[in-house]
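Student: I would like to learn how to read a few features of a model like this one. Could we begin with the aromatic rings?

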Amino acid sequence: KRRGREKREIGNRTQTTMALRAATSSPWATAPRATVAAASPHPHRPRGYHPQCASSAHSVPARPLPCPRGLTGGPCRASASAEDKIDPTSGELISENTKDSVEVNGTRWSYRKTEGDGSGKPTVVLVHGALSSSYSYRRVIDLLGKAGYRVVAPDWPGHGDSGAPAPGKFGYGSADYVHQLAAFLHKVLGGDSKFVFVTQGFVLGQYGMLYALKNPDKIDKLVILNTPLQRKTPLPAILSKLKGSEPGLFGLPNPFAQKQSGPLDLVDAGNYMQGGSPYYLDRDDAEAYQGPFESQEFRDAAQKMMEECDYDALLDQVDEGFRTWRNNSLVAFGTSDYYIKWETASEWLEDKRTSMKFYTFTDKMGHAVQDDYPERVSEVLQNFMEGVDVQKKVDPSIKRGGDFTE
């Protein structure tokens, strides 16, 4: 009996030692919830989850993370090719982008950037949507920077690390944002150079499209990622609440909604970013998006942004303007976006010029495609910028001349 107990104890210690070695030998092995790991399509475990997001209305697996070369156990989504890009202690990607800031008309604009390799590749400007920040593009910036591109990704006023100007100093209307963005890009890039312009998301992503309409001579190529384009796409509930018009059933106006009076005590950016994605939002990522809105001035800025936004008029303005748009453009959508149906983008393009191409990502990607699968976004961007044909996947019943080379 004694020898049997000793054998079991030795066996238990051996199993514990092997488990600890396996945990410490993998840069991804930090302790997530077991249910999250089991649901993940990715063989390597995520770093965590946001506790508020666990109560999301839809069931979501863990967000895929880059996996270092050499690890096995299943297909990896990442294409980070250099082993020295992975910190062996934390398992994090070592970022190549840096942060900087400039003052524009009294407002501090923070932005992420890479310098490029001087090979003549175009500069890429990446613009985020409401309640997001340049943080959503962080891995795309690294990948494009490594490929030799100069990248500039600003935080809009009231978001990320940029300032949140008081309403008396900044109007928070579409014209104010577009004018400020033009001044920022002129200050950072100069007045002569063209660039590739990438925009994504609700409201601010649409303001990015308005900027392109007003500055077509500045745009070498335009890329639109998961941005609302038709009236049939309602505002997400969190944005509607900021506007003071919480939606009713099926996204229709709620006649019983009461407008928020006084300053807000919560802007739930973490849950907003989670809500459009098929993956759990990592705890650190949720905190990065939520962080600015812990400050009252940023909550006030978000509320003012939505109060000044006539969403239907904005959709109509974008639709009308792009009917005569001639610049080479790509509309690229993730098809697992819980906010926007990808078919609306295809329908929107029916009366647009054939200079605008359509692409849907075959991988499972949600609203913030640049955060869900940065490697694939970077790959598509580079192919488009370099003139490589981007394989198109569309409803075969919807065809526009110029979309296909059969």
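Tutor: A pair of aromatic rings is described by the distance of the centres and the angle of the planes. In this predicted model, where local features need pLDDT of at least 70, side-chain atom pairs count only at pLDDT 80 or more, and totals for chains, interfaces and linings use all residues, a search of the whole structure finds 19 aromatic pairs (rings of Phe, Tyr and Trp, the last by its six-membered ring, with centres within 6.5 Å; planes under 30 degrees apart are stacked, over 60 edge-to-face, the rest tilted). Residues are numbered from 1 along each chain as its sequence is written, and side-chain values use heavy atoms, with hydrogens and water left out.

Student: How are the rings of Tyr-135 and Tyr-289 arranged?

Tutor: Their centres are 5.4 Å apart and their planes stand at 85 degrees, so the pair is edge-to-face. Because Tyr-135 lies in the loop between β3 (123-127) and α3 (138-146), and Tyr-289 in helix α8 (residues 283-290), the pair ties together parts 154 residues apart in sequence (helices are DSSP runs of H or I, at least four residues, and strands runs of E, at least two, numbered from the N terminus).

Student: At what angle do α4 and α5 pack?

Tutor: Two packed helices are described by the angle between their axes and the distance between the axes. Helix α4 (residues 174-189) and helix α5 (residues 204-214) pack at about 65 degrees, with axes 9 Å apart (lines fitted to C-alpha atoms over the stretch in contact, with angles from 0 to 180 degrees between N-to-C directions). Residues making the contact (heavy atoms within 4.5 Å) include Tyr-177 and Leu-181 of α4 and Tyr-207 and Leu-210 of α5.
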